[in-house]
Amino acid sequence: MVNKENSKIAVYGLGHIGLPTAALFANGGLYVIGVDINKEIVDFVNSGRSPILEPGLDELVHEAVDSGNLYATDDGVEASKSSNIMIVVVPTPIDKYNQADLSAVKSACEYILKGLNKDDLVIIESTIPPGTCDHIIRPILEKSGLKAGFDFGIACTPERALPNNTLYEMTHNARVIGGINEESTNRAVKLYQRITEGEIIKVKDLMTAEMVKLMENTYRDTNIALANELAMVCELLGIDTIEAINAANHHPRVSIHTPGPGVGGHCLSIDPYFIIEIADKKGLEARLIKTAREVNQKMPEHVVKLVIETLDELRKPVKNSKIGILGVAYKGNVADARETPAKPLIKLLIDKGADVCANDPYVPDEIIKSYGAEPVDMDSALKCDCVVLVTDHDQYRRITPDMIKSKAFICTRPILNPHEFKEKGLIFKGVGRF
Ligand SMILES: NC(=O)c1ccc[n+]([C@@H]2O[C@H](COP(=O)([O-])OP(=O)(O)OC[C@H]3O[C@@H](n4cnc5c(N)ncnc54)[C@H](O)[C@@H]3O)[C@@H](O)[C@H]2O)c1
């Protein structure tokens, strides 16, 4: 039951970001109602457990629920009525045209609207295109008859924590906050000071806060694309990209990123599209950002090219060859496979007639099967005609040449020493390495 007297904060979306946020506020002494449309998640949280695999989160949720400060519900309207601060942390994916899909944000705001009271504060943590607070969220909330900036506040503080280190980053990273007016900004600053030791950076308005997060992820995506392109040029020239990048990065004003099999996750591979979309609406083609996305999206194709070249050396066609994928998570040591480059890579190999199996110590077998690959243990993957390492999980960093029963190893992350493998007579290639 939602307890009206004690409740203060409602957090909409109990996912990778919303659940730790709710649990941190609850353990910080505030009464928090967690709202999720997924009843299974609600039940999980109310039983004192975290459905998300994230170091320390299970304990934190347990403590919060046990203390009576965290309660989950699927009744978003009741939660809004019972709270005076509502935080929105729902997904903001892209649709098939690479346009922002704000349906979850709109739906959460519709719940909030039905319980919105004077002096409430609505905080948006979801990553959103610039202008969303002013042009989409504000009109929904003002259907209440209350006026934003006068009767109630709006603030935006995009979350920038990294999976697998979420709790540390949420409590130590710098946090950017912008509000519809100074009062909204200051209220949000005061609130987040309860859970973070990190610097809080106040920006002028909602749109600036919205843009900061997109700039950060676009910076990373574009720089990864640059590293990937340099790696492909180095391959053609016979230069070891990693050696060259390490040398270049000794320059005081150079920091080239690391090439790899492509970019995944819920942020880097999506957020740049929000800038492309808004620029387009304003009549500007964001050419560099678009090209960077294309380069990164095409990296799985490049990895397939490496597989074909390698099998050629072994005089084997791709068709009917057994390919073992190591890692389907989009990055090391996480179970998150959203937008992972492993998915298109597996599809491209299957389309070419390969027999693909995959190992991942974190990602559930059902996800691997849904990509068309057979889930296997690491030893089985290492016995295939060609092994392709996609994810830099710690387990894979400990692979030695003796463990590989295959003749060919494509290591798309620079986590193993090529010379050790070549000395043992293996064909060893990487993105920008051979
Ligand atoms: N995961 C990350 O690493 C990360 C990092 C920084 C920022 N973000 C941003 O945070 C936001 C949330 O991402 P996430 O990774 O936590 O998503 P998630 O998919 O892990 O969780 C979102 C949760 O919201 C719930 N939900 C959907 N619609 C809802 C609604 N109308 N009302 C209530 N609950 C609803 C879903 O059932 C789900 O449990 C996104 O905008 C994302 O870009 C994510």
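The model is predicted: local features need pLDDT of at least 70, side-chain atom pairs count only at pLDDT 80 or more, and totals for chains, interfaces and linings use all residues. Residues are numbered from 1 along each chain as its sequence is written.

Start with the inside. A nonpolar core is a set of buried Ala, Val, Leu, Ile, Met, Phe, Trp, Tyr and Cys residues joined through C-beta atoms within 7 Å. Buried means 20 or more other C-beta atoms within 10 Å of a residue's own; exposed means 12 or fewer; partly exposed lies in between; C-beta atoms are placed from the backbone. The largest nonpolar core has 86 residues. V11, Y12 and I87 are among those with the most contacts inside it. Helix α9 (residues 206-237) gives the most to this core, nine residues. Helices are DSSP runs of H or I, at least four residues, and strands are runs of E, at least two, numbered from the N terminus. Another core lies apart, with 44 residues, including V328 and C386.

Now the ligand. Its shell has 28 residues, and G13, G15, H16, I17 and S126 come nearest. Near means a C-beta atom, placed from the backbone, within 6 Å. Helix α5 (residues 103-115) supplies the largest share, three residues.

Last, the loops. Most residues other than glycine have a negative phi. N164 has a positive phi, near 80°. N164 sits between β6 (153-156) and α7 (166-172). R315 also has a positive phi, about 55°. R315 lies between α13 (299-313) and β9 (322-326). R315 counts as exposed because it has 6 C-beta neighbours inside 10 Å.
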